[in-house]
Amino acid sequence: MDLSSSVFGNECEDESLLTQIPIDDAPPLQVDPQNDGNEIVCDVELNDKKDKCEYMLIDGDENVEEPKRGMTFSSIEELSLYYRRYAKQEGFAVVRKKASKDASGCINRITLACSREGNTKTKSSNTFCRSNPTIKTGCKAKLNSKLVETKWYVTSVSIDHNHDLSPGQARYFKCNKISEPILKRKLVENDFINKARHLRLGEGGAKALGDYLSRMQEINDGFYYVMDFDDESRLKNVFWADARSMASYEYFGDVVTFDTTYLTNRYKMPFALFLGVNHHGQSMLFGAGLLSSEDTETFVWLFETFLMCMNGRAPSAIITYQDKAMKNAIAKVFPKARHRFCLWHILKKLPEKFGAHSQCDAINSALRSCVYDSQTCDEFETSWQSLLESYNLKDNAWLSELYRERTFWLPAYVKDVFWAEMTATQQSDGMKAFFDGYVYPSTTWKEFVDQYDNALRKKVENENAADFSSFNSTIPCISLFPFEKKFQQVYTNEKFKEVQEEIRMKLYCTVSLLTSASAIYTYQVTEQVGVNDAYMKQVRFCVYFNENECEVKCTCGCFESTGILCRHAISVLSVYNVTQLPQKYILDRWRKDLNRRYTFVKSSYGSLSDNHIAQRYDDLCKSMHKLAAIAATNVEHYTKVKSHIYMLLEKLKGLSFEPSLPSHALPGTSSTCNESIDGVAVESSKVRSPLVVQDNEKPSSKRKVSPAKKAVVTKSQGRKNQPSDTNPKQKRRQNQTSQGAQEDTMNTNEAL
């Protein structure tokens with residue numbers, strides 16, 4: 001069977017579409033000592049000779065036929081291109097497993113296999129040590145081909161894989177990437193030119209920001225923003241969130257950190273961020289705002305706007321720095337949310353508060369011990385009173401204020417709440433990870449929002465890479481516990497590493513029974529905790545175990561606050577040889593085997609060109625919007641359409657890969673771009689820039705200056721006082737949304 005025309009058409013005649021496989025220049029091949037020397041075994045992926053081989057795209061819109069015995073190809077390049085296209089369509093990577101040569105040295109047999117073939121050989125006999133992820137699963141999928149005269153014949157094919165396939169992530173496989181050094185250099189040069197040109201733009205002001213947000217809403221229907229003005233039409237506050245961020249909040253919005261300390265722009269408007277973490281523990285943004293002040297009224301406006309954006313769903317827990325205005329606003333807008341102060345911000349004030357004290361170091365050490373070593377509230381009370389008496393600090397106003405608000409920051413008081421492992425330092429580090437290198441204090445509003453998109457684009461790329469790593473590689477188990485195998489199968493690699501760390505640290509725990517009543521047992525787990533290289537201390541924890549329900553609870557509160565079973569609980573479970581954990585100990589939040597809808601949502605910073613599932617999702621959403629616009633105009637049509645939708649949902653329910661979504665509305669509905677003032681809408685042309693407000697008490701953040709900005713500042717200093725007449729007039733964009741919606745409705749009605 002010759003597929004040179006049926007599968008490829010005339011594409012193979014175009015050399016630009018062929019992948020050049022460097023057979024002669026390939027990395028050194030290992031000769032199998034058990035063969036006769038003519039068969040050569042190679043474990044390298046195709047095309048990883050980056051310095052001598054050009055990498056071409058293997059994309060194609062046509063469906064690639066399944067490989068069958070008897071197929072023929074005119075060259076090894078054509079065979080490789082076909083199999084790689086088929087592999088990308090199905091969702092696996094390709095390696096050249098075997099190649100054998102004839103007496104003249106020419107290759108006459110070749111085996112192309114799934115990259116997950118074979119098994120990993122561990123060099124170390126110590127399975128308890130930290131293991132690197134491996135992609136090897138012993139997969140048997142492969143294609144064998146033989147050269148007969150001038151044609152390559154497929155002699156045997158195996159298409160069965162022993163692992164999951166992911167067509168949507170196939171672009172991340174090494175064999176499907178473009179890696180041409182010249183192309184990379186051009187991209188870097190163009191990126192620097194774009195940044196330099198970007199920095200030469202004039203300061204946009206409030207109107208430029210409003211025009212940009214309106215344009216973003218036209219590009220993406222789900223883009224949401226609200227602008228707040230004063231009586232003189234000056235911009236006071238602004239909040240915005242894109243559709244993807246709103247959709248991700250459905251899955252990871254249970255815990256939110258809120259911070260305004262990262263950046264203050266040229267108008268002294270604090271930059272406010274709503275931040276969370278995804279299933280890999282990576283920081284992700286839910287929304288952002290620029291504020292004119294940091295009083296209770298402003299925070300109430302921002303939190304109410306955020307709540308409206310998220311369809312009325314408030315977070316279960318929220319982390320902020322210690323601020324009275326924030327505390328009052330959260331109590332009013334999020335009354336049921338558990339509020340916690342950032343411990344890192346509190347402890348970093350110790351040198352400032354006690355730097356002049358003669359026993360500064362001793363107070364610092366005693367206070368940290370009081371905070372971290374108190375497992376219960378009673379232990380903290382005893383330790384705190386001892387601290388005050390030992391160093392005569394009963395009249396210290398700062399410590400007295402901390403004590404009054406101890407339920408907002410002390411670990412012993414907040415460890416019973418789920419915080420998604422958002423540690424004290426992660427809140428601050430997460431901000432830097434998002435915007436360092438993108439935003440600077442002198443950045444104008446228009447530049448800021450553009451760079452905001454660039455930062456989010458980078459975060460999405462990092463999440464996609466982590467998804468691919470968890471899908472394509474497996475971290476070997478370090479124990480024989482069956483529940484470790486379960487976590488390996490369902491948790492992301494990053495979270496599974498945390499599970500393994502708790503299993504490792506079980507080595508330093510000893511278990512002893514304290515009391516028993518019916519099927520409820522109380523154990524004392526003593527852990528050897530390393531203080532430094534030369535000293536270890538003993539720390540005791542109580543673990544309660546219900547044998548009938550297989551429920552375990554430790555006083556350290558690790559599972560309740562992070563969602564990861566602690567080493568103390570694992571030690572008790574091993575006493576009873578527990579092989580299967582209840583489902584409540586396996587959190588959907590950390591799973592890698594769920595398709596989360598926000599990854600399909602269109603955004604201004606994410607491309608759907610390589611994600612076929614996202615393309616189909618976007619297409620279905622557009623069709624459903626048109627259907628809803630028609631059905632809503634008539635009760636009979638509405639009832640009929642809704643009935644059909646429920647029928648379809650029942651039929652497709654068994655095919656769902658994710659748990660049921662929250663009940664609030666899906667993103668995709670846009671908000672008005674102008675906020676009313678006393679019931680009167682403000683036109684964008686009348687918007688005035690905000691007044692400069694006075695600095696708050698927090699010290700200004702020191703940020704790096706971009707290299708391109710340094711080059712511009714020197715030249716601009718000489719003409720600093722010269723008037724500028726280079727700012728062009730911006731054309732006003734007319735909104736055609738209403739007219740377009742009417743035309744779509746009329747066309748659809750005619751079709752019906």
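Q: How many aromatic pairs does the count come to?
A: The count is 34 aromatic pairs. Rings of Phe, Tyr and Trp (its six-membered ring) pair if their centres lie within 6.5 Å. Planes under 30 degrees apart count as stacked, over 60 as edge-to-face, and the rest as tilted. This is a predicted model: local features need pLDDT of at least 70, side-chain atom pairs count only at pLDDT 80 or more, and totals for chains, interfaces and linings use all residues. Residues are numbered from 1 along each chain as its sequence is written, and side-chain values use heavy atoms, with hydrogens and water left out.

Q: Why is the pair of Phe258 and Phe299 edge-to-face?
A: Their ring centres are 5.9 Å apart and their planes stand at 90 degrees, so the pair is edge-to-face. Phe258 sits in strand β10 and Phe299 in helix α5 (residues 296–309), 41 residues apart. Helices (H or I, at least four residues) and strands (E, at least two) are DSSP runs, numbered from the N terminus.

Q: Is Phe258 buried or exposed?
A: Buried means under 20% relative accessible area, exposed over 50%, and partly exposed in between (1.4 Å probe, protein chains only). Phe258 is buried at 0%. Phe299 is buried at 0% too.

Q: Which kind of aromatic pair do Phe274 and Phe306 form?
A: A stacked one, with 4.1 Å centre to centre and 10 degrees between the planes. Phe274 belongs to strand β11 and Phe306 to helix α5, so this pair ties together parts 32 residues apart in sequence. One aromatic cluster includes Phe258, Phe274, Phe299 and Phe306.

Q: In what order do the 7 strands form an open sheet?
A: Strands of a sheet pair through backbone hydrogen bonds, either parallel or antiparallel. Two strands pair here if DSSP finds at least two bridges between them. The order is β8-β9-β12-β11-β10-β13-β14, with mixed pairing. β8 (224–229) and β14 are the edges; each has a single partner strand, so one side of each lacks a neighbour in the sheet. The twist averages 20 degrees from one strand to the next. Angles run from 0 to 180 degrees between N-to-C directions, with axes fitted to C-alpha atoms, for helices over the stretch in contact.

Q: Which strands does β13 pair with, and in which sense?
A: Strand β10 (residues 255–259) runs parallel to β13, joined by 3 bridges. Val255 has Ala317 as its bridge partner. β14 (residues 338–341) also pairs with β13 in the parallel sense, over 4 bridges. There, Thr320 stands opposite Phe341.

Q: Are the faces of strand β13 covered or open?
A: Both are covered. Ala317 and Ile319 on one side, and Ile318 and Thr320 on the other, are all buried.

Q: Which residues touch the most other members of the largest nonpolar core?
A: In soluble globular proteins, nonpolar side chains tend to be buried together. A nonpolar core is a set of buried Ala, Val, Leu, Ile, Met, Phe, Trp, Tyr and Cys residues joined through side-chain atoms within 4.5 Å. The largest has 45 residues, and Phe487, Tyr491, Val552, Leu565 and Leu581 touch the most other members. Elements giving two or more residues to this core include β13, β16 (520–532) and β17 (535–546). A second, separate core of 37 residues includes Ala243 and Phe303.

Q: How many bridges pair β16 and β17?
A: They pair in the antiparallel sense over 12 bridges. Gln528 stands opposite Gln538 in β17. Both strands belong to an open antiparallel sheet of 4 strands, ordered β15-β16-β17-β18.
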